Amino acid sequence: MKPSRRDFLKIAGASAAVGLGAVPVMEALAASGGHGTSPKAQVEKWPEGLTATHWAMVVDVRKIESAEQIEAMVEACHTVHNVPLLNEKRHEIKWIWGTHYHNAFPSQPHEHISEHLHHILFPVMCNHCQNPPCVRACPTKATFQRESDGLVLMDFHRCIGCRFCMAACPYGSRSFNFRDPRPFIAETNKKFPTRMKGVVEKCNFCAERLAVGQLPACVEASDGILTFGDLGDPDSEVSQLLKENYSLRRKPNLGTGPSVYYIV
Amino acid sequence: MNDKGKIVAGLVIFLVMVTFPFWYNLGKAAPAPEIVLSAQAKAAGACVLPKAEIKTEHMQLLDVWRDTVVREGQRVYVNAEGKKFDMSLSNTCLDCHSNRKEFCDRCHTYASVDPYCYDCHIEDPKENDQ
Amino acid sequence: MLELALKGSKKYWGLLIVLAGIAGVAFLTWLYQLQFGLGITGLSRDVSWGFYIAQFTFLVGVAAGGVMVVLPYYLHDYKAFGRITILGEFLAVAALVMCLLFITVDLGQPMRMLNVLFYPTPNSMLFYDMIVLNGYLFLNIVVGWNVLEAERNGTHYQPWLKPLIYLSIPWAISIHTVTAYLYCGLPGRGFWLTAILAPRFLASAFAAGPALLILLCLIVRHFTRFDPGREQIQALAKIVTYALIANIFFFLCEVFVAGYSQIPEHTDHLKYLFFGLHGHGVLVPWMWTSMALMVAAIILLIVPAARRHEGVLAVSCAMLFIGAWIDKGLGLISAGFVPNPLHEVNEYMPTTPEVMITLGVWAAGFIVLTILYKMATSVKEESAGVLRTRVVES
């Protein structure tokens with residue numbers, strides 16, 4: 001009885017070692033492109049793509065007048081990204097939405113806030129933080145910060161659905177696919193994939209549109225309320241706007257460094 | 001030990017069950033599937049890689065594509081002939097091979113693989129209404 | 001040794017069959033959850049972790065609690081616990097099996113679970129949680145099994161086990177520390193953002209774990225010929241008493257900091273738990289029940305006469321266990337999410353399928369526990385029998 005168990009453990013240990021040893025090989029394969037037969041193949045970016053060192057969004061709250069304006073941004077975003085409209089509130093998925101001042105900035109409001117701020121809806125979305133807690137929390141690097149331009153993105157293929165990122169996000173910007181979203185997408189945009197049940201999703205600052213030279217869908221639909229650009233470039237429109245106006249970020253005390261600014 | 005009979009019987013049952021897939025399927029090899037090229041694919045003439053390569057390695061290629069696009073933001077694939085492709089399963093592969101049922105599925109079914117690509121990547125919407 | 005688990009009374013098999021039945025129904029429910037998605041649970045966009053993760057957290061505590069018999073025996077040479085270390089270790093094994101199952105049923109894409117290994121991410125606390133939980137499971141199986149087998153053979157356990165035993169002691173602390181770090185390192189979740197969360201977790205673990213162990217000792221004594229011993233149970237009872245008092249003390253520290261500083265991000269969650277917030281308060285009766293149970297248990301445990309009476313002790317341990325379970329397994333996790341980061345109140349309550357799956361995981365854990373305890377008690381009965389015959393022979 002004893003030797004047999006010892007042998008079994010040896011075999012088990014050896015196979016575990018082989019299994020672990022295989023990981024670097026697989027990584028090496030992936031790094032080399034995997035398909036060794038086509039060494040001449042190359043990858044590159046679209047020449048017309050927009051690039052930046054730090055993408056940022058500026059919301060000019062002074063220009064917000066009605067809920068319809070916010071609705072237009074939401075509509076544009078959710079249509080282009082195949083965001084489903086679920087009837088059950090628990091299962092709700094949203095990338096960008098309108099909310100009140102006291103919800104967007106829970107520690108800011110007081111009783112004597114200006115009429116305008118009190119009445120309007122603020123567009124809120126993923127802040128694409130410079131120091132994102134969700135990226136820190138993710139156990140698989142399914143959510144990651146792109147080095148080139150600071151976008152916080154999701155790799156839906158890799159997400160295991162542990163929802164640690166949802167607990168980590170201090171802005172409630174993330175949604176989870178509690179069920180198959182496909183039946184709840186009114187009109188599918190064939191250009192963009194849908195998601196499957198069991199993965200987390202959020203605003204991606206339209207990384208897929210930037211890559212082909214287009215501005216984010218919400219910005220285009222925003223009537224000038226939203227300005228999008230490179231904070232790494234001091235001459236960009238966003239840099240100028242922030243230089244000339246007083247602006248707020250959501251929960252700055254948490255040290256997350258949001259890239260969405262609000263001019264009030 | 002007087003359990004010899006039981007042990008032997010147990011071993012025989014075990015062996016029979018373990019080898020079940022082999023002898024059950026003996027002589028029943030399904031014929032290799034015939035796949036149909038869509039009109040666009042025929043017109044295009046060539047795929048991203050030479051036929052033999054794409055046939056055996058499209059899964060590795062797609063795996064590399066997805067990491068390159070999603071994680072590195074590189075979206076253009078230049079093949080050995082210098083031709084450029086948008087690295088997109090939905091917008092390049094499935095746009096050309098728009099007949100998933102006669103193309104993708106036949107082989108996948110034959111090989112008994114069930115890739116979950118289609119859970120998110122949209123094939124021809126017409127074929128979606130099954 | 002496994003063969004000892006195959007020979008048992010009708011009661012033993014009856015218990016296993018009932019547990020397997022519950023686990024089986026739960027398994028079917030889980031298949032349904034796999035097919036539909038986590039939408040069959042009460043979880044939502046705002047309360048994204050619920051019953052499963054709360055049970056997991058509570059059971060990590062039960063697993064860590066096992067160290068409270070291992071530590072005095074091996075570090076302080078408290079001989080009496082030598083009789084029951086195996087019960088602590090096997091309880092830890094069963095609890096860890098439940099922990100891992102709860103993580104699995106909580107995942108949206110469990111098939112991709114191994115991504116945690118394929119893409120190891122040392123900045124994620126879940127990465128460390130995976131290491132410490134699996135490591136502690138491994139340590140307890142190896143140590144428990146070999147020590148028990150040595151006892152059966154009438155020999156001393158292998159010398160290489162000693163370092164593993166010593167390692168298992170800090171490791172037990174680590175499992176609950178890392179589990180607390182899952183929560184207390186998150187910015188913007190004021191309820192968890194407290195340095196005392198890990199100590200508080202450990203205190204409640206060292207109360208609830210040994211309390212369950214006392215109950216199990218009493219059950220073992222009743223149903224087998226092995227008596228874990230009166231002295232052992234009394235020593236455990238004292239450990240439970242201290243740990244429970246520490247747990248309540250830490251909780252009161254939290255209440256003071258939140259209540260006196262009056263920072264809304266910290267007070268809101270406590271208000272929600274104990275008084276309700278903006279008219280929402282499903283957990284209010286539960287939390288007061290939990291507090292009442294724990295306070296009553298403290299009183300019963302402090303009074304020596306009550307603690308020494310094993311019937312009363314059993315009642316206080318049960319009260320404590322239920323109280324700690326409500327506190328950790330129901331309140332702690334969902335209250336961290338209510339109100340949400342936008343200060344909206346969306347409540348959470350588990351659904352029937354969710355409770356079913358949860359019961360099933362507990363049943364699976366108790367199957368493991370029953371089998372392991374059957375083996376342990378059979379060995380103890382055997383060696384006691386051998387001793388008796390030797391005495392008669394001489």
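Across the interface of chain A and chain B, the rule finds three salt bridges. One of them joins Glu44(A) to Lys84(B), with the closest N and O atoms 2.8 Å apart. Before I go on, please note that this is a predicted model, so every value I quote is computed from it.

Let me stay with chains A and B. The rule also gives 12 residue pairs in polar contact across this interface, both residues of each pair being at pLDDT 80 or more. Which elements of chain A give two or more residues to the side that touches chain B? They are strand 1 (42-44), strand 6 (152-154) and helix 7 (207-210) of chain A. Strand 1 of chain A gives the most, with three residues. Sorted by class, the side of chain A that touches chain B has 12 nonpolar, 11 polar and 12 charged residues.

Now the extent of that interface. In general, the size of an interface is often given as the accessible area lost when the parts come together. For chain A and chain B, that area is about 3,100 Å², and 55% of it is on carbon and sulfur atoms. On the chain A side, the residues that lose the most area to chain B are Glu44(A), His157(A) and Lys190(A), together 23% of what that side buries. Glu44(A) is also the residue I named in the salt bridge with Lys84(B). By contact, the interface takes 35 residues of chain A and 35 residues of chain B.

Next, chain A against chain C. Here the contact takes 55 residues from chain A and 46 residues from chain C. The buried area is about 4,100 Å², with carbon and sulfur atoms giving 53% of it. How many salt bridges does the rule find across this interface? It finds one. The partners are Arg163(A) and Asp106(C), whose side chains meet at 2.6 Å, N to O. There are also 32 residue pairs in polar contact between chain A and chain C, again with both residues at pLDDT 80 or more.

Several elements of chain A give two or more residues to the side that touches chain C. Those are helix 1 (2-31), strand 3 (96-99), helix 3 (101-104), helix 5 (133-137), helix 6 (164-168) and strand 7 (175-176) of chain A. By class, that side has 25 nonpolar, 13 polar and 17 charged residues.

A word on confidence in chain B. Its mean pLDDT is 87, and 93% of its residues reach 70 or more. Where in chain B is confidence lowest, and where is it highest? The lowest is helix 7 (residues 125-128) of chain B, at a mean of 46, and the highest is strand 1 (residues 76-78) of chain B, at 94. Over residues 124-130 of chain B, pLDDT stays under 50, and the model has 10 contacts beyond four places in sequence for that stretch.

Now inside chain C, starting with two valines. Val47(C) sits in the loop between helix 1 (10-36) and helix 2 (51-65) of chain C. Is Val47(C) buried or exposed? It counts as buried, because its relative accessibility is 0%. Leaving aside neighbours within four places in sequence, Val47(C) is in contact with Ser334(C), Phe337(C), Val338(C), Asn346(C) and Tyr348(C). Val47(C) and Leu6(C) are 41 residues apart in sequence, and their C-alpha atoms are 44 Å apart in space.

Val93(C) lies in helix 4 (residues 85-106) of chain C. With a relative accessible area of 5%, Val93(C) is buried. Its C-alpha atom is 8.3 Å from that of Tyr136(C), 43 residues away along the chain. Not counting residues up to four places away in sequence, Val93(C) touches Leu137(C), Asn140(C), Ile141(C), Val368(C) and Leu372(C).

Then helix 10 (residues 264-274) of chain C. The buried residues there are Thr267(C), Asp268(C), His269(C), Leu270(C), Tyr272(C), Leu273(C) and Phe274(C). Their cover includes helix 9 (230-261), helix 11 (284-302) and helix 13 (310-336) of chain C. Just after helix 10 of chain C, Gly276(C) takes a positive phi of about 90°.

Beyond four places in sequence, Thr351(C) touches Ile40(C), Thr41(C) and Gly42(C).

Conventions. Residues numbered from 1 in each chain as written. Chains lettered and ligands numbered in written order. Heavy atoms only, no water. Contact = heavy atoms within 4.5 Å. Buried area = accessible area lost by both parts, 1.4 Å probe. Salt bridge = Lys/Arg side-chain N within 4 Å of Asp/Glu carboxyl O. Polar contact = N/O pair within 3.5 Å; in protein donor to acceptor, adjacent residues only side chain to side chain. Helix = DSSP H or I, 4+ residues; strand = E, 2+ residues; numbered from the N terminus. Nonpolar A, V, L, I, M, F, W, Y, C, P; charged D, E, K, R; others polar. pLDDT = per-residue confidence, 0-100. Buried < 20%, exposed > 50% of the residue type's maximum accessible area, 1.4 Å probe, protein only.
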